[in-house]
Amino acid sequence: MTRLALLALLLLLPVSSEAATYSWTDPAGTIHFTDDIGAVPPKYRTKALRQAAGEETGSDTRPTANVPASRPDAAPAAKAGPPAADANGGATATPATRFGDRSAAAWQTEFQQLRAELKRIEQDRETLRQETGEGKRMLSNQQVADHNARTKQLNQEYEATRLRFNQLVEQANKAGLPPEFSQ
């Protein structure tokens, strides 16, 4: 009980370090923490990266954007806003209808571009993992250093793109963009 209270207290204290901390819960329910993304088992890395970027918490109390159940690592879709209505109060929105400072088609294009960028980064990470033998072959110190540098770069790109995506979701919600234009 005291360990649990101590853990809760430590989690509530602000962290002043700029180093990322990654966490995951294994099938037995044990929570693991590390500052090395390479130590996180591959099937938990995407979620650990989202948590480290502040996009996801361990509990479901914070509201989040909808994520399709078929792809847990997929980018979230925009939350449902007001019913689809154009600026003149019409019943439906068209791609030319303006929401905030841009048309529905422009919003849609931005969402598609960011999703494509996230997918490219995910593919690059997978390619890098496969090129290095998925951790099953010996690498020279230089190869390890190169791999770590490239992994860090890809993770930073991914986090920055996810942040831009989440900001776009928030902007779309504020502008009242119907969900069909954020798909």
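Student: How far does helix 3 reach from its first C-alpha to its last?
Tutor: The model is predicted, so the span is a computed value. Helix 3 has 28 residues, and at 1.5 Å a residue a span of 40 Å is expected. The reach from end to end is close to that expectation, at 40 Å.

Student: How far apart are the end C-alpha atoms of helix 4?
Tutor: Helix 4 contains 35 residues, which at 1.5 Å a residue should span 51 Å. The separation in the model agrees with this expectation, because the end C-alpha atoms are apart by 51 Å.

Student: Which residue with a positive phi follows helix 3, and which one comes just after helix 4?
Tutor: The residue that follows helix 3 has a phi near 75° and is glycine 133. Just after helix 4, the phi is about 80°, and the residue is glycine 176.

Student: In what pattern do helices and strands follow one another along the sequence of the protein chain?
Tutor: The protein chain has 4 helices and 4 strands. Read along the sequence, these elements give the pattern α-β-β-α-β-β-α-α.

Student: Is the pair of rings of phenylalanine 111 and phenylalanine 165 stacked or edge-to-face?
Tutor: The count of aromatic pairs comes to 1. In this pair the ring centres of phenylalanine 111 and phenylalanine 165 are 5.5 Å apart and the planes stand at 75°. An angle over 60 degrees is the criterion that applies, so the geometry of this pair is edge-to-face.

Student: How many residues apart in sequence are the parts that phenylalanine 111 and phenylalanine 165 tie together?
Tutor: Phenylalanine 111 belongs to helix 3 (residues 104-131), whereas phenylalanine 165 belongs to helix 4 (residues 141-175). Phenylalanine 111 is buried at 0% relative accessibility, and phenylalanine 165 is also buried, at 0%. The pair therefore ties together parts whose separation in sequence, in residues, is 54.

Student: Over the ring of which residue does the charged end of arginine 125 sit?
Tutor: Arginine 125 is among the buried residues of helix 3. The charged end of arginine 125 lies 4.3 Å from the centre of the ring of tyrosine 158.

Student: Is arginine 102 buried or exposed?
Tutor: Arginine 102 forms a salt bridge with aspartate 101, with the closest N and O atoms 3.0 Å apart, and aspartate 101 is exposed at 56% relative accessibility. The charged end of arginine 102 also sits over the ring of tryptophan 107, 3.9 Å from its centre. Since buried means under 20% relative accessible area, the 15% of arginine 102 classes this residue as buried.

Student: In which helix does the partner of glutamate 157, arginine 120, lie?
Tutor: The side chains of glutamate 157 and arginine 120 meet in a salt bridge at 3.0 Å, N to O. Glutamate 157 lies in helix 4, so the pair ties together parts 37 residues apart in sequence, and arginine 120 lies in helix 3.

Student: How far apart are the closest N and O atoms of glutamate 126 and arginine 129?
Tutor: Both residues lie in helix 3, 3 residues apart, about one turn of the helix. Glutamate 126 is partly exposed at 31%, and arginine 129 is partly exposed at 24%. Their salt bridge has its closest N and O atoms apart by 2.3 Å.

Key. Residues are numbered from 1 along each chain as its sequence is written. This is a predicted model: local features need pLDDT of at least 70, side-chain atom pairs count only at pLDDT 80 or more; totals for chains, interfaces and linings use all residues. Side-chain values use heavy atoms; hydrogens and water are left out. Rings of Phe, Tyr and Trp (its six-membered ring) pair if their centres lie within 6.5 Å; planes under 30 degrees apart count as stacked, over 60 as edge-to-face and the rest as tilted. Helices (H or I, at least four residues) and strands (E, at least two) are DSSP runs, numbered from the N terminus. Buried means under 20% relative accessible area, exposed over 50%, partly exposed in between (1.4 Å probe, protein chains only). A charge sits over a ring if NZ of Lys or CZ of Arg is within 6 Å of the ring centre and within 35 degrees of the ring normal. The expected span of a helix is 1.5 Å times one less than its number of residues. A salt bridge is a side-chain nitrogen of Lys or Arg within 4 Å of a carboxyl oxygen of Asp or Glu.
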